[in-house]
2 protein chains.
Amino acid sequence: MAKKEQFVSHITPRSEDFSRWYTDVILQTQMVDYGPVKGTMVIRPYGYGVWELIQKELDARFKSVGVENAYFPMLIPESFLQREAEHVEGFAPEVALVTYAGGENLAERLVVRPTSETMICEMFSRWVQSWRDLPMKVNQWCNVVRWEKSTRPFLRTSEFLWQEGHTIHETAEGAEEDALKMLEIYRELAEDVCAMPVFVGQKSESEKFAGAQSTYSMEAMMQDGKALQAGTTHNLGQHFAKVFNIQYLSKDGQLEYVHQTSWGVSTRLIGGIVMTHGDERGLALPPKVAPIQVVILPIAMHKEGVLEEARKLEDRLRKAGIRVKLDDREQSAGWKFNEWEMKGVPLRLEIGPRDLENGQATAVRRDTLEKFTLPLEGLEKAVLETLDKVQQGLYDRARTRRDERIFTVTNLEEMVEAVDVKQGFAKGMWCGDAACEAELKAKTGITTRNMPFEQEHLGDVCCHCGKPATRLMYFGKQY
Amino acid sequence: MAKKEQFVSHITPRSEDFSRWYTDVILQTQMVDYGPVKGTMVIRPYGYGVWELIQKELDARFKSVGVENAYFPMLIPESFLQREAEHVEGFAPEVALVTYAGGENLAERLVVRPTSETMICEMFSRWVQSWRDLPMKVNQWCNVVRWEKSTRPFLRTSEFLWQEGHTIHETAEGAEEDALKMLEIYRELAEDVCAMPVFVGQKSESEKFAGAQSTYSMEAMMQDGKALQAGTTHNLGQHFAKVFNIQYLSKDGQLEYVHQTSWGVSTRLIGGIVMTHGDERGLALPPKVAPIQVVILPIAMHKEGVLEEARKLEDRLRKAGIRVKLDDREQSAGWKFNEWEMKGVPLRLEIGPRDLENGQATAVRRDTLEKFTLPLEGLEKAVLETLDKVQQGLYDRARTRRDERIFTVTNLEEMVEAVDVKQGFAKGMWCGDAACEAELKAKTGITTRNMPFEQEHLGDVCCHCGKPATRLMYFGKQY
């Protein structure tokens with residue numbers, strides 16, 4: 001029982017070992033736990049609460065652009081996966097197979113979905129008949145399984161949660177437009193909701209999704225300078241449509257293949273939020289994804305009026321739509337400060353006898369640890385404004401931190417220094433050659449991240465191989 | 001393209017073949033489709049929309065009683081399932097197994113969860129330490145796999161969606177209380193949201209969940225008189241706690257086993273809604289679970305002002321929080337009437353030149369097909385009131401229909417007549433003997449449904465075997 005009576009944080013300092021810091025934070029805040037099968041995770045309520053908020057934000061945005069939710073079977077005939085050559089090559093090493101069910105071995109093995117293009121293509125091919133049925137836009141919130149060798153909770157696990165959207169269109173332009181539109185929704189989610197700045201752009205040929213015509217991504221920089229691919233959208237062209245025979249009768253009465261997209265973000269975003277904002281004290285959650293936005297701590301709780309006033313405040317803030325928690329446990333104030341700071345609650349309100357006398361609450365922002373008072377009168381508005389400031393403050397801090405670690409490079413030596421020594425991203429001109437990219441990765445572990453939509457001309461030769469360069473690329477080491 | 005130009009419904013009459021009627025309705029309304037693997041289903045947007053509304057209603061109720069959402073891994077070591085003897089016996093015949101993953105055969109086979117008691121028990125045993133940690137209440141929204149031989153979309157499929165809640169408590173009373181509380185939430189969902197009357201009560205020993213101490217259920221009667229078990233809650237006692245060693249340090253400093261519950265409802269509810277309210281024209285959806293509550297049909301759409309006014313109306317209703325759709329497709333009004341009636345939209349509003357002149361809309365309720373006019377001024381309020389009436393109307397109709405088919409019986413002959421001839425439930429005294437129940441089922445296909453909480457004393461002997469009877473039981477044939 002001692003564990004309840006004193007607060008002991010065992011978080012490894014960020015500077016000492018970022019990777020252990022991350023694991024300590026996510027386990028000790030009870031966001032996640034390891035599952036019994038190697039490589040799996042249990043998303044505990046505090047972590048799942050973040051996911052629910054992400055879902056709510058994204059789901060509303062999807063619906064606003066005409067996407068409808070649906071649910072497709074998880075078990076995919078192995079033969080489906082094999083139809084698209086690049087697709088099977090990309091996913092085969094990671095698949096999990098159901099071979100036995102209902103008391104007998106199955107005639108055809110079933111793949112536990114690593115992604116659902118093949119399943120959804122099969123259904124699209126049954127559903128679409130004429131141009132009137134297009135575009136068709138569906139999304140599903142579900143689990144997927146990719147059997148990874150090296151795993152870490154949220155970032156890479158054998159099973160994870162995500163959403164996968166799939167659209168089909170009459171024209172190539174329609175598909176391209178949606179691939180970009182969904183990426184913009186992801187960017188908005190990352191930056192405006194998760195307060196995590198990202199670069200949006202196109203992946204190289206080697207790094208694109210297995211079976212795609214082109215893949216777009218958003219890339220965030222974690223505090224150790226590593227890149228997190230935080231969401232991708234794919235223009236699948238007609239690759240899958242031809243394999244799965246998704247044809248429609250055009251306005252001209254011709255049978256045509258559809259043009260297609262798919263796009264997804266996953267619970268990996270939670271890991272991104274942790275590694276973007278956390279500090280020595282633990283988590284720091286942006287208010288928009290914080291399951292608890294405000295914690296109210298009664299000081300000298302048993303003094304007359306304190307707890308009553310704290311309860312009133314809780315009630316008022318809840319009615320104002322704020323996710324608030326009153327901590328009336330029998331623990332010392334110091335213990336509670338530490339715990340809620342570790343858990344990253346954006347704003348702490350303390351209310352004690354002196355605060356009551358002065359008609360105020362003492363507030364502490366999680367991002368700056370700045371302490372100030374707020375009058376009880378009109379507190380709702382002040383709290384909402386403060387939460388906005390915390391949201392913006394976290395974004396600005398992350399943005400500054402990231403921008404300081406973007407280094408323009410013109411040769412390999414500079415690139416290695418930028419990525420390995422200064423721990424950031426290298427920004428340089430690139431030739432576009434897959435062989436150059438492969439060699440770079442093999443030699444240094446550095447990978448191409450994406451070619452930003454906002455291109456700049458920094459020179460004429462590739463910063464790695466020296467051959468003529470045609471585009472600007474971000475380089476980094478990836479999670 | 002002809003399919004777009006005339007409306008052809010191919011719904012088998014209910015009276016002719018209820019089972020084919022059901023399949024026709026769910027397929028033609030595009031609620032669902034068959035998946036490529038036998039026994040699986042694709043939940044299409046119109047069906048998934050119903051599920052989303054059910055989720056929203058339930059989720060808010062769960063949270064209001066302190067339940068938090070989480071997510072547990074889907075793949076369970078086979079050895080976990082084997083620990084609780086009754087549990088494995090109940091589920092072993094239906095499990096699907098992953099035997100190969102990441103390029104190799106697995107050392108231990110993994111069960112695709114048919115339910116997650118064993119997985120969650122393992123985690124509870126790690127998380128709970130003292131009485132301070134109790135109660136612990138988690139829920140997950142997820143997919144489960146049960147490999148069934150005979151399947152039907154929504155009612156019984158190899159994979160389905162559900163929620164499963166799991167709670168642990170210090171006392172037996174705490175667990176019992178929650179098992180009943182969650183059943184009450186389910187009853188509220190069924191009756192007040194899905195407009196589907198249910199009997200709540202306790203299942204017999206033979207019919208309870210594999211591993212439970214007692215199981216409670218809600219049982220609904222479909223229009224063919226068959227019973228649908230629409231939701232269950234289980235008091236698991238300490239069965240799983242002892243097997244998974246879920247112990248806590250009590251206030252007295254003793255190590256004690258927790259008392260446990262689990263409870264779930266699934267996408268089966270959607271099938272229940274269809275079979276409770278549908279008619280010869282197709283679906284009839286209760287407004288609270290209707291993805292589209294109101295459809296607006298402009299009549300003589302191209303006459304001046306009609307479409308503009310229809311759009312204004314759509315906008316007004318949407319702002320009032322009503323799920324509304326304007327159907328401005330180039331189809332005849334008759335075609336649209338038929339389609340939206342088939343799709344079960346609770347209220348249709350027609351607006352044509354004459355309606356405009358009179359400052360009104362013509363309204364048609366889906367439940368009664370009653371036609372009336374509503375003034376455009378204050379339409380929002382009138383529509384909301386009408387939707388309430390439709391909700392209540394559907395419930396009342398279903399309730400009357402069900403109540404007329406409950407027959408009190410005192411012997412086997414009467415029971416068979418009640419269930420097989422009159423197609424309803426038999427209500428009679430029962431001895432409580434598993435052998436009597438098994439014999440009844442073998443001979444007649446009739447099963448015990450539940451022992452209602454509102455017991456009545458109808459006599460002293462079992463209506464099947466004639467031995468002394470101790471409780472009132474509902475009997476019927478089940479889906």
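This is a predicted model: local features need pLDDT of at least 70, side-chain atom pairs count only at pLDDT 80 or more; totals for chains, interfaces and linings use all residues.
1. The largest cavity contains about 80 Å³ of space. Its lining is made up of A:M196, A:P197, A:M221, A:M222, A:Q223, A:T276, A:A398, A:R401, A:R402 and A:R405. Helix 13 (residues 379-403) of chain A gives the most to this lining, with 3 residues.

2. Relation between the chains. In general, a rotation about an axis and a shift along it relate two copies of a chain. Here, chain B is superposed on chain A by a rotation of 180° with 0.0 Å of shift along the axis, and the RMSD is 0.0 Å. That is the relation of a two-fold axis. The same surface serves both copies, since 100% of the contact residues of chain B recur in chain A. Of the residues of chain B, B:V98 comes closest to the rotation axis, its C-alpha lying at 2.1 Å.

3. Aromatic pairs. Over all chains, the count comes to 24 aromatic pairs. One of them joins A:F80 and A:F244 in an edge-to-face arrangement, with 6.0 Å centre to centre and 75° between the planes. A:F80 lies in helix 4 (residues 78-83) of chain A and A:F244 in helix 8 (residues 239-244) of chain A, so the pair ties together parts that are 164 residues apart in sequence. A:F80 has 6% relative accessibility and therefore counts as buried. A:F244 also counts as buried, at 4% relative accessibility.

4. A ring cluster. Ring pairs also link A:W51, A:F62, A:W141 and A:W263 into a cluster.

5. Charges over rings. Two lysines of chain B deserve mention here. The charged end of B:K226 sits over the ring of B:Y479, at 4.8 Å from the ring centre. The charged end of B:K343 sits over the ring of B:Y46, at 4.4 Å from the ring centre.

6. Residue A:D178. Is A:D178 buried or exposed? With 2% relative accessibility, A:D178 counts as buried, because the cut-off for that class is under 20%. The residue belongs to helix 7 (residues 172-193) of chain A. Leaving out residues up to four places away in sequence, A:D178 touches A:K137, A:T167, A:H169 and A:T261.

7. Residue B:E380. This residue is placed in helix 13 (residues 379-403) of chain B. At 23% relative accessibility, B:E380 counts as partly exposed. Which residues does B:E380 touch, not counting residues up to four places away in sequence? They are B:R316, B:L317, B:A320 and B:I322. Between B:E380 and B:I26 there are 354 residues of separation in sequence and 30 Å in space, C-alpha to C-alpha.

8. Residue A:P353. Helix 12 (residues 353-358) of chain A includes A:P353. The residue is partly exposed, with a relative accessible area of 30%. Setting aside neighbours within four places in sequence, A:P353 is in contact with A:I299, A:A300, A:K303 and A:V306. A:P353 and A:M429 are 76 residues apart along the chain, and their C-alpha atoms are separated by 62 Å.

How values were computed: Residues are numbered from 1 along each chain as its sequence is written. Chains are lettered from A and ligands numbered from 1 in the order in which they are written. Side-chain values use heavy atoms; hydrogens and water are left out. Rings of Phe, Tyr and Trp (its six-membered ring) pair if their centres lie within 6.5 Å; planes under 30 degrees apart count as stacked, over 60 as edge-to-face and the rest as tilted. Helices (H or I, at least four residues) and strands (E, at least two) are DSSP runs, numbered from the N terminus. Buried means under 20% relative accessible area, exposed over 50%, partly exposed in between (1.4 Å probe, protein chains only). A charge sits over a ring if NZ of Lys or CZ of Arg is within 6 Å of the ring centre and within 35 degrees of the ring normal. Copies are superposed by least squares on the C-alpha atoms of residues with pLDDT of at least 70 in both. Contact means heavy atoms within 4.5 Å. On a 1 Å grid over the protein atoms alone, a cavity is a set of points where a 1.4 Å probe fits but cannot get out, and a pocket is an open set with protein on both sides within 12 Å along at least five of seven lines; lining residues have an atom within 4 Å of a point. Grid points are joined across faces, edges and corners, and a volume is the space filled by probe spheres set on the points.
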